[in-house]
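Open the model in your viewer and keep the selection tool at hand. This tour tells you what to select next and what is there.

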Amino acid sequence: MAEDNAYESMLCVKPEVHVYRIPPRASNRGYRAADWKLDEPSWSGRMKITAKGKMAFIKLEDKNTGELFAQAPVEQYPGCVVEAVTDSSRYFVIRIEDGNGRHAFIGLGFADRGDSFDFNVALQDHFKWVKQEGEFAKLEASQSAAPKLDLSFKEGETIKISIGNIKKKDAGGSKPRQMGGGLLPPPPGAKAGGVMLPPGGQQTVPAVQTDTAPILDFGSSVPAAQPSSDVWGDFTSAGSNSSNDAVKSGWVQFS
């Protein structure tokens, strides 16, 4: 009943095939196309392979009007409905039915080997799909029949989770991050200002020799004496009141 309402799909169409009357099988070795009258086919027309549910149908139709000449229902392949001959790959023996319970065997031939190959593959693919569908149905039936595993909590049930090996990180344990940039630490002895002091620890200012005689000379006829190499030597004798010393040193004394 389900197959009667199933969709009929097209598996293969060949525009030209030939039908032959075949003699009864002489032995169990199989049919031979050489025993047929291949140059005198009994009928020529179009062939279709359709599928409806698990069944496949080989239909022979008139190529002009589409009138059905014969039909062969196929329940499995390979099987007794379609049988290849022993001496060629282009010829087959099929069992046709008239719908009233009567059947007959006829020879079916293709003009090209490619057409016979397509005929063979179309039937193989269909029944391969039928086999897979049957295996899936059995798997689903076995899974539905098996008792389902109940993993839900019963009333009053609890679970306990133990989490161990958790260590707290010390707040001051992290090392300071080093600054990048390739900077080197300052050398020892340098101050924050970045100026290095000499090894003695004090800055030295070079002595500048200044000639003060022309500045303080108020018209004295005495020629200015050359200052000594010791610039501060005159201050060591500041307690002396000798005017001669003042003139020689180039300093004017005011009283």
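Which residues does serine 116 touch, not counting those up to four places away in sequence? Select serine 116 and look around: Ser89, Arg90, Phe92 and Phe110 are the ones. Contact here means heavy atoms within 4.5 Å.

A word on the ground rules. This is a predicted model, with residues numbered from 1 along each chain as its sequence is written. Local features need pLDDT of at least 70, side-chain atom pairs count only at pLDDT 80 or more, totals for chains, interfaces and linings use all residues, and side-chain values use heavy atoms, leaving out hydrogens and water.

**Stop 1: serine 116.** Colour helix H1, residues 113–145; serine 116 is found there. Helices (H or I, at least four residues) and strands (E, at least two) are DSSP runs, numbered from the N terminus. Serine 116 counts as buried because its relative accessibility is 4%. Buried means under 20% relative accessible area, exposed over 50%, partly exposed in between (1.4 Å probe, protein chains only). Now show the backbone of serine 89: the side chain of serine 116 reaches its oxygen at 3.2 Å.

**Stop 2: the largest nonpolar core.** Select Met47, Ile58, Leu60, Val82 and Phe119. Of the 25 residues in this core, these touch the most other members. Such a core is a set of buried Ala, Val, Leu, Ile, Met, Phe, Trp, Tyr and Cys residues joined through side-chain atoms within 4.5 Å. H1 gives the largest share, four residues. Next, centre on valine 82. Its contacts beyond four places in sequence include Ile58, Val74, Phe92 and Leu123. A second, separate core has eight residues, among them Ile22, Val85, Tyr91 and Val93.

Stop 3: Show strands E3 and E4. They run antiparallel, joined by six bridges; two strands pair if DSSP finds at least two bridges between them. Pick alanine 56, and you will find its bridge partner, valine 74, in E4. Six residues lie between the two strands of this hairpin, and glycine 66 in the turn has a positive phi of about 80°.

**Stop 4: threonine 50.** Move to strand E2, where threonine 50 lies. Is threonine 50 buried or exposed? Threonine 50 is buried, because its relative accessible area is 4%. Show glutamate 8 too: a polar contact of 3.0 Å joins the two side chains.

**Last stop: the cysteines.** Select cysteine 12, buried at 9% relative accessibility. Then select cysteine 80, exposed at 53%.

Technical notes:
Polar contact = N/O pair within 3.5 Å; in protein donor to acceptor, adjacent residues only side chain to side chain.
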